Amino acid sequence: LVMYASQPFEDMSEQRVALTEIVKSLKNLKNVELVVKLHPTDDSSFYGKLLSDLKYKAVATKEADLYTLLFCSDLVISICSTVMLESVIMNKPVMQLNLMEHYDLLNGLKGKIFMKITRKNDLLAAIKSSLSSKPFSERQMKERKKFISDYYYKVDGKATERFINVMDGLLENKKGRRNFN
């Protein structure tokens with residue numbers, strides 16, 4: 001399953017080019033489905049019409065739960081959505097599709113935690129590589145772990161517990177102080 005995470009732009013030409021090239025590439029592959037996860041403010045008719053014009057059956061949805069789709073996805077593609085970062089946390093192959101070269105999300109991390117594609121001719125090979133049984137090199141795995149540790153601390157399901165402990169500590173400190181006002 002390939003998920004394309006959209007985001008609204010004032011000029012939708014970037015979205016048109018990106019989704020068109022994704023569909024062209026996916027038509028060359030067997031047993032690969034596409035889901036377009038729409039941003040809540042996206043115009044769903046734009047994607048429905050474009051997919052229809054391309055004669056490609058794909059689901060374009062606002063309603064589907066993002067995290068369920070991420071969990072099920074084998075590859076996440078976007079132009080510059082923060083969904084790319086969430087996908088890295090979930091250890092999914094991620095591709096920034098920047099065919100018109102207008103967006104440069106986390107420039108210093110391209111090739112380290114996600115792939116950046118700027119040429120149409122590179123897209124099919126990149127998709128095939130990302131869908132392979134081993135989409136990450138050892139170096140990329142280390143870079144991803146470092147990125148997650150640096151920016152998200154731990155992804156262990158205990159964030160709420162840590163937050164409560166911090167708040168409890170702050171409240172205890174406040175009780176111990178005297179107010180002289």
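**A charged residue and its surroundings**

Modeller: R144 is buried, yet it has no salt bridge; the nearest side chain of opposite charge, that of E143, is 9.7 Å away. Buried means under 20% relative accessible area, exposed means over 50%, and partly exposed lies in between (1.4 Å probe, protein chains only). A salt bridge is a side-chain nitrogen of Lys or Arg within 4 Å of a carboxyl oxygen of Asp or Glu. For charge, Lys and Arg count as positive and Asp and Glu as negative, while His and the chain ends are not counted.

This is a predicted model, in which local features need pLDDT of at least 70, side-chain atom pairs count only at pLDDT 80 or more, and totals for chains, interfaces and linings use all residues. Residues are numbered from 1 along each chain as its sequence is written, and side-chain values use heavy atoms, with hydrogens and water left out.

R144 belongs to helix α6 (residues 138-152). Helices (H or I, at least four residues) and strands (E, at least two) are DSSP runs, numbered from the N terminus. Leaving aside neighbours within four places in sequence, R144 is in contact (heavy atoms within 4.5 Å) with V88, N91, K92, P93, V94, K112, I113 and F136.

N91 is found in the loop between α4 and β5. Most residues other than glycine have a negative phi. N91, however, has a positive phi of about 60° although it is not a glycine. With 40% relative accessibility, N91 counts as partly exposed.

Strand β4 (residues 75-78) runs parallel to β5, joined to it by 3 bridges; two strands pair if DSSP finds at least two bridges between them. In that pairing, S78 stands opposite Q96. Strand β6 (residues 115-117) also pairs with β5 in the parallel sense, again over 3 bridges, and there L97 stands opposite I117.

Helix α4 (residues 83-89) forms a right-handed β-α-β unit with β4 and β5. Right-handed means that, with the strands pointing away from the viewer, the path from the first strand over the helix to the second runs clockwise. I89 lies in α4 and is partly exposed, with 23% relative accessibility. Not counting residues up to four places away in sequence, I89 touches I148, Y152 and V155.

Because K146 and D150 are 4 residues apart in helix α6, about one helical turn separates them. K146 is partly exposed at 48% relative accessibility, as is D150 at 46%. E138 and K134 form another salt bridge, at 3.8 Å from N to O, and both of these residues are exposed.
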